[in-house]
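Thanks for coming, everyone. I'll walk through one structure and stop at the places worth a look. Please have the viewer open.

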Amino acid sequence: MAIDFSFPPEIDEIRFRVRDFIDTVVRPIETRGDEESWGRDQWIHGIIEMRQAALDWGLWLPHMPVEWGGMGLSHVGMASVSAEAAKTRLGPFALNAQAPDEGNMHTLLHWATDEQKEAYLRPLCDGRVRSCFAMTEPEVAGSDPTLIQTRADQDGDEWVIDGHKWFISGARGASFAILIARTEDDPDLPQAANSAFLVDIPHEGWEVVRDVETMSGGHNHCEIRITDLRVHNSKMLGGRGQGHLLGQARLGPARLAHCMRWIGQAETALDMMVDRALNRYSHGSILAEKQGIQWLIADSAMELYQCKLMVLHAAYLIDQGVDFKTEVSMAKHFVANSLWRIIDRAIQVHGALGYSTDTPLAAMLQQARWSRFADGADEIHQMRIAQRTIAAYKDHGTTKAATGNLPL
Ligand SMILES: Cc1cc2nc3c(=O)[nH]c(=O)nc-3n(C[C@H](O)[C@H](O)[C@H](O)COP(=O)(O)OP(=O)(O)OC[C@H]3O[C@@H](n4cnc5c(N)ncnc54)[C@H](O)[C@@H]3O)c2cc1C
């Protein structure tokens with residue numbers, strides 16, 4: 001039997017080291033306050049302190065190869081690290097493994113020229129700069145990148161870019177963007193219309209209009225106006241018309257990286273749910289002894305178990321270098337929805353306290369809402385999963401290949 005659900009000892013050692021690091025270093029700094037309550041200078045000082053500690057603990061850049069200063073972990077190894085780190089808000093940031101930089105680092109590693117890597121990937125890995133990824137536009141459906149209207153037109157050895165983007169995470173304070181723009185008018189495939197560019201920030205023609213206020217406040221998801229922005233040919237990332245391909249290659253592992261962090265959040269919510277149920281007394285017994293509450297706990301435990309299996313299997317497929325699209329889509333959809341349900345149940349068990357901001361649950365629920373449409377809306381993943389399931393049946397007379405292709 002080759003099925004082994006344990007991590008190798010070296011991954012387990014790292015997992016426990018991350019857990020210890022989060023408890024010893026990140027939590028105490030986080031509880032001092034946030035940027036608003038604590039003041040920007042103090043807050044930045046806290047971040048630097050955490051990141052220096054991550055270096056000292058040998059936990060810097062877990063997802064990148066050793067030659068880039070990272071730990072060289074596989075996607076399965078990363079699953080174990082991210083689920084631990086994301087139990088706190090700043091954990092992934094302390095390790096320099098936060099979105100969108102993590103996805104951008106993978107993108108640059110695979111698509112950038114040597115010169116581009118030195119200019120953009122190196123400082124990102126060193127933690128000296130931050131980056132953003134600019135694709136979504138307010139005027140057209142982000143779910144369909146063939147509709148992108150931002151244009152890049154060639155003028156000698158430069159490209160002139162005009163357009164409008166929004167919800168560009170981390171744009172304020174980023175030192176560069178990976179920008180997706182339309183370069184081809186009549187491509188062979190609609191998906192081959194876009195190209196990617198590296199844009200230094202600040203840059204003439206790049207205007208941050210506003211930090212879009214969301215249901216959980218402003219979190220540096222910015223609206224950007226791009227006017228007559230000129231970049232040299234050498235700033236194209238990947239080839240002409242490869243913007244969609246690059247976006248897809250980036251999003252597969254990046255979606256799974258989100259799932260890994262969401263598992264950490266869901267586990268925190270379930271732990272809180274059980275803790276509250278053990279400590280709250282009503283109608284003659286503690287809540288943990290009420291069948292109605294046990295159902296909430298049981299449903300959450302079953303869902304979290306499914307989340308973990310799906311994420312580990314999809315990470316394993318990426319590591320094996322085989323097709324992982326269906327499994328990542330399934331994991332993204334399932335984990336995003338489970339996260340919402342588990343936090344919601346935890347709030348229910350906490351009653352008024354859960355609705356208050358005295359616990360982190362309310363903020364966690366607000367954050368969880370975007371997971372159901374960002375980086376691929378639920379319905380898009382369902383559409384793709386259904387298409388591949390139908391194709392598997394047509395090709396093989398069975399849907400087996402589309403349900404994880406497991407030996408069952
Ligand atoms: C917190 C957050 C951070 C983000 N960060 C970034 C970032 O850094 N960079 C970036 O470029 N973008 C970012 N985005 C944008 C995100 O990627 C888009 O929201 C996403 O791609 C969906 O696009 P849209 O919002 O235009 O929704 P639309 O494409 O307009 O879709 C709206 C809804 O329509 C439905 N729908 C759409 N198409 C179909 C279909 N074919 N079949 C059935 N139903 C459909 C779905 O229910 C979907 O939720 C971020 C968004 C959020 C909320």
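Where does Pro100 lie? Pro100 sits in the loop between helix 5 (91–94) and helix 6 (101–111). Before going on, a reminder: this is a predicted model.

Back to that loop. The peptide bond from Ala99 to Pro100 is cis, with omega near 0 degrees. Asn96 is in the loop between helix 5 and helix 6 too. Asn96 is not a glycine, yet its phi is positive, at about 60 degrees. Is Asn96 buried or exposed? Asn96 counts as buried, because its relative accessibility is 1%.

Now step into helix 6. Nine of its eleven residues are buried, so helix 6 is largely enclosed by the rest of the structure. Among the buried ones are Asp101, Glu102, Asn104, His106 and Thr107. Leu108 and Leu109 are buried as well.

Keep an eye on Glu102. Which residue forms a salt bridge with Glu102? The partner is Arg261, with the closest N and O atoms 2.9 Å apart. Arg261 lies in helix 8 and Glu102 in helix 6, so this pair ties together parts that are 159 residues apart in sequence. Both Arg261 and Glu102 are buried.

That brings up charge pairs in general. How many salt bridges does the structure hold? The count is 23.

Take Asp155 and Arg230. They form a salt bridge, and the closest N and O atoms are 2.9 Å apart. This pair also links distant parts of the chain: Asp155 is in strand 2 (residues 151–155), Arg230 is in strand 7, and 75 residues separate them. Asp155 is partly exposed, with a relative accessible area of 39%. Arg230 counts as partly exposed too, at 38% relative accessibility.

There is also a network. Arg19, Glu84, Lys87, Glu267 and Lys308 are joined by salt bridges that share partners.

Next, a local pair. Asp23 and Arg27 meet through their side chains in a salt bridge of 2.9 Å, N to O. Both are in helix 1, four residues apart, which is about one turn of the helix. Asp23 is partly exposed at 39% relative accessibility. Arg27 is partly exposed at 33%.

How many residues has the largest nonpolar core? It has 85 residues. Those with the most contacts inside it include Phe21, Leu95, Leu108, Ile178 and Ile343. Helix 8 (residues 243–279) gives the largest share of this core, with twelve residues. A second, separate core has 21 residues, including Ile161, Leu179, Val199 and Leu229.

Zoom in on Ile343. Leaving out residues up to four places away in sequence, Ile343 touches Ala269, Leu361, Met364, Leu365 and Ala368.

Now strand 7 (residues 217–232), with Asp228 in it. Asp228 is another residue that is not a glycine but has a positive phi, about 50 degrees. Is Asp228 buried or exposed? Asp228 counts as exposed, because its relative accessibility is 52%.

Asn220 is in strand 7 as well. At 19% relative accessibility, Asn220 counts as buried, because the cut-off for buried is under 20%. Beyond its neighbours within four places in sequence, Asn220 is in contact with Arg130, Ile168, Ser169, Gly170, Ala171, Arg172 and Asp211.

One more cis bond. The peptide bond from Ile201 to Pro202 is cis, again with omega near 0 degrees. Pro202 is in the loop between strand 5 (194–200) and strand 6 (206–214).

Let me finish at the surface. Which residues form a nonpolar patch there? Ile3, Phe5, Tyr305 and Leu309 do, with about 490 Å² of accessible area together. Ile3 comes in the segment before helix 1 (9–30). Ile3 counts as exposed, at 56% relative accessibility.

Last stop, Glu118, in helix 7 (residues 114–125). Glu118 is partly exposed, with a relative accessible area of 45%. Its side chain makes a polar contact of 3.1 Å with the side chain of Arg122. Not counting residues up to four places away in sequence, Glu118 touches Trp68 and Pro123.

That's the tour. Over to you.

Conventions:
Residues numbered from 1 in each chain as written. Predicted model: local features only at pLDDT ≥ 70, side-chain atom pairs only at ≥ 80, totals over all residues. Heavy atoms only, no water. Patch = residues over 30% accessible without salt bridge, like charges linked within 9 Å, V, L, I, M, F, W, Y side chains within 5 Å. Areas by Shrake-Rupley, 256 points an atom, 1.4 Å probe, with all protein chains shown as cover. Salt bridge = Lys/Arg side-chain N within 4 Å of Asp/Glu carboxyl O. Helix = DSSP H or I, 4+ residues; strand = E, 2+ residues; numbered from the N terminus. Buried < 20%, exposed > 50% of the residue type's maximum accessible area, 1.4 Å probe, protein only. Contact = heavy atoms within 4.5 Å. Polar contact = N/O pair within 3.5 Å; in protein donor to acceptor, adjacent residues only side chain to side chain. Core = buried A, V, L, I, M, F, W, Y, C linked by side-chain atoms within 4.5 Å.
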